[in-house]
Amino acid sequence: MKKNLLREAIQRAMGPCGAVGAAIAFAYTATPAFAQDAAPDLDSQKLETITVTGSRIRKADVETAQPIVVLDRAAIEKQGFNSVADILQNMAEVGAPPISRSSVLASGEAVGGYYVNLRSLGPNRTLVLLNGKRLGATTSGVQDLSQIPLAAIDRIEVLKDGASSIYGSDAIAGVVNVITRKNYDGAQFDSYLGQFDQDDGAAQTYSMTFGSHNDRGSITFSAEYSKSDPVWAKDREWSRLPKGPNHPKSSWTVATQWGAFLFPGSFHCGQDKSPYGMCTLNPGGDPFNPNDYHGTNSAGGTSDLTNSNEEMMAQTSVERHSLFVAGDYNITDHIKFSTDLLYNKRSTTAQVAGYPFQPANQIPGAATPYIGLSGDSYYNPTGQHVIADDGTVTTHGGSLVYFYRRTWEVPRVTQSDLQTFRASGTLSGDFQLGDHTWNWDVGGYVNTNDLLQASRGDVNTFAVSQALGPSFYDPATGKVTCGTPDHPIQWGTAPGNCIPWNPMYSAGQKGPGSLTGNAELQNFLFPQYHATGRTKEVDYSANISGSVFALPAGDLAIAAGYEHRNEYGAFNPDALQIAHLSTSLPGGPTSGKYKVDEYYVEVDVPVLKDMPFARELSFNVAGRYSKYDTFGDTTNGKFSATWKPIDDLLVRANYAQGFRAPTIADLYGGISGTFPYYTDPCDTNFGSAATDVGVLARCTGGFGGQAATPGNFRQPCQGGTPCEDPGSQSGVNLFAGSNPHLQPEVSTSKTAGMVYSPSWLSGLDMSLDWYRIHIKSAITADTLTNQLNDCYVRAIVSRCSSSIFKRAATGGVIYDFTSNINQGYTDTEGWDLGVNYRLPEFAFGRFAVHWNTTYTSHLNLKQTDDAKFETPLASFGGFPRVRSNASLDWSLGDFGATWTTRYFSSQKEPCSYDKKGGPECNIPNYASPSAGPGLSPQNRVGAVTFHDISLRWNAPWNATVSIGMNNLFDKRLPIMYSAPASQFLTYGGWDIGRFYYLRYSQKF
């Protein structure tokens, strides 16, 4: 058995006999507590003192009027994560990851990146900055945090408030500002190794940083290499079976690597004993011998069926190369030039099972529109071979054979490579105007992202129509050849050539025309697809700030500036995908550009100072005018107030307007195909019609002009058979596209809170903040599920239009078109609580506490303007109401330790099974007053808590050694059938196993 050497080493070090283990055991028996960070002294540094993010006005050491979280380098290094995205994902204010490493079936240009989702409002409503300037985005407007090397980071500032008046579009939920290291002297080498308890998912990161500075300038250089290996679905309980461990039978499908065939006519294989009415070739059998077939799954069990998850990754692999250089030079005592350069290459690989052929697969342009083995194919077992005088063998009298066959031999693998180049330059300085100092800067940056997606495993549908078409044995070449003796098609993989395929053979079985071990046939049927993308952002700006005049409470300060930005983006799928000649999702090219000119002004007014019940009272007002060449202009303002009734208490409030401009993909995206997962509300087993007579009446009555569904309607799945489970995948290719008429969505953000730092208890800081964000004219990704629910559950007639979706006479959905729309609103409200406490130093060490909690009171969506009811998103999984992180830090001399607890409250999701009550539907009578009439059976999934521990030692040779475990107790993950932020039946933001790591840092 393979040994996990890293795990054993860490367990020994952390055990009671280890040196660090003994020290921490003594500390924890002395004083239990919770702490944040051992580096900064909270006695001298109050909570949330900041001078950059959220304001353009320079201020000295003051508490901010806006709620901000600061993660400095010391706090970052104490966490057991090796990427910016993982660190931010574990903040209490952050929602489910939009495209997690478990989203292996995701497609498009954003696949492989890592994005932050503040307040669960979506990654395109969180603005990411690098040193105060925008980070490059995809055509869909999301910003990939994997571009930023961890080695280059000095701190991360997270503004939890709207800031469009300062930064423009996208700053609705908040702003993440990544500040890189500057003025660094010396050298540092860091290495990080980690692995899951199951001996998989190995992670490694190596980085080095060099820097030097003097009175005239500085330069800092950081290079980083990082790699994380995949985790396979078969190695985790929650991902081993597609329908979860409680439903193993329905997890196995007839679209198998063994092949299952619908033989017509007199051919008999015992298919009458098969629950599927099909035949499967015996292991090692002869495809031309009828006696070598048996009724598919006639013996029961799973030997003739397939579990597709056995060939899928549960977590993708990632590899990154990064280089970052920052420098500045003082031209004079009052003028400085600053620059930073970034290069990053990120490679992400995802694998899913081979393509599932089935009779419903259509071949565009073929004489027979459905995939099947021609009656004139040499490999058709139902026909008769006829040998001509010249030795040519043809097949006659055969019948078209439909088959189910997953191409197990060639799994679908996609590698996404993104190269980022970024260069910025800023000329800044200061000057005196009377008794006041003014600061100015003029600068710009260029950010380009070049994407190459290479994929293989989807079939060229034109090639397969030939490979399954007529064929014959040619004695001249000794090969089975496509076509007929009179019209042969040259054998080979070159354009215009053909190689016949015998789908009767199972995966692993070699023979004439088999896929197994046949590289030429695999190359003919499974070409390499290449999609390319490019985004380019060019920005230049000018800013000035300073004090205008003195007021009794301080200087009135002002900041003003101008910014111009050009955005260009394109994404081009492979030509075969554009032409619908591939079994991959069809897609059209995206290409477009826009430009924006913006002006802003910000004023800070101190009103009172050092007066009874007004130790400080100040107001801040800001406004920004933005003019786009796409939709026009918009103006957004902000007002904030800061009041200190006593020295120990700060009260703050903010009101901000915001907006999000339509992205290039929103406006100029091509039409793409999709096979969405959905539950038809008219399904009388799993849909709302099963429990709501009103829904059933609308379905069977042809509500909104749609075709009426039968009284016993069942949602058709792949192959046209009734779906065995809710949330099943469509068997029909549906469509999605862009909307050139989109307008910006607009928002209002309100926050109010307080920061309490009692002078009578040194080292304690507490904060409590309320927030509410309301987004109108929301740019919302419509879905088939939303459309059907709006029509039949919420009775919105406008959503029943045949231009949106269409039903066949038998009831199934045969057409659907979705796009982003400006409709309805999103509204969220909640509270943030923060506690920091550094205890007095004891002889046995020093302890510190950090506790950060976010409570979401509601997160509701109104899909359309005429909808009568709100949709509570918290009822759809992936939205825990409470996220809480608590940590305890201990330090004594050269030793230290940190214990962290990460809590996710319970979550509700629609019942998938036992809708009338049972272990997987524990709230069957749930009726949400905001979700519409009737019952909405729910299942509550219990709370999940993870515990992390890290131990550190500062070695005498100027090095730090850290070892740790994330998810110390190897929490067993609950099953969630809604699969939020994941391809599998769990929440994509949870840890997938116990993770051991070792970090070594050497300074010179």
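Two strands are counted as paired if DSSP finds at least two bridges between them; strands (E, at least two residues) are themselves DSSP runs, numbered from the N terminus. The model is predicted, so local features need pLDDT of at least 70 and side-chain atom pairs count only at pLDDT 80 or more, while totals for chains, interfaces and linings use all residues. Residues are numbered from 1 along each chain as its sequence is written, and side-chain values use heavy atoms, without hydrogens or water.

Select Arg952 in strand β46. Its bridge partner in β47 is Ser962, and Gly896 stands opposite Arg952 as well.

β46 and β47 form a hairpin with three residues between them, and Asn958 in the turn has a positive phi of about 65°.

Next, display the aromatic rings. The whole structure holds 28 aromatic pairs, where ring centres of Phe, Tyr and Trp (its six-membered ring) lie within 6.5 Å; planes under 30 degrees apart count as stacked, over 60 as edge-to-face and the rest as tilted. Trp899 and Phe969 form a tilted pair, because their centres are 6.3 Å apart and their planes lie at 50°. Trp899 belongs to β43 and Phe969 to the loop between β47 and β48, 70 residues apart.

Then select Trp953 and Trp957. This pair is edge-to-face, because the planes stand at 90° with the centres 5.6 Å apart.

Finally, move to Phe261, Tyr293, Tyr355, Phe357, Phe403 and Trp501, which ring pairs link into a cluster.

Key:
Helix = DSSP H or I, 4+ residues; strand = E, 2+ residues; numbered from the N terminus.
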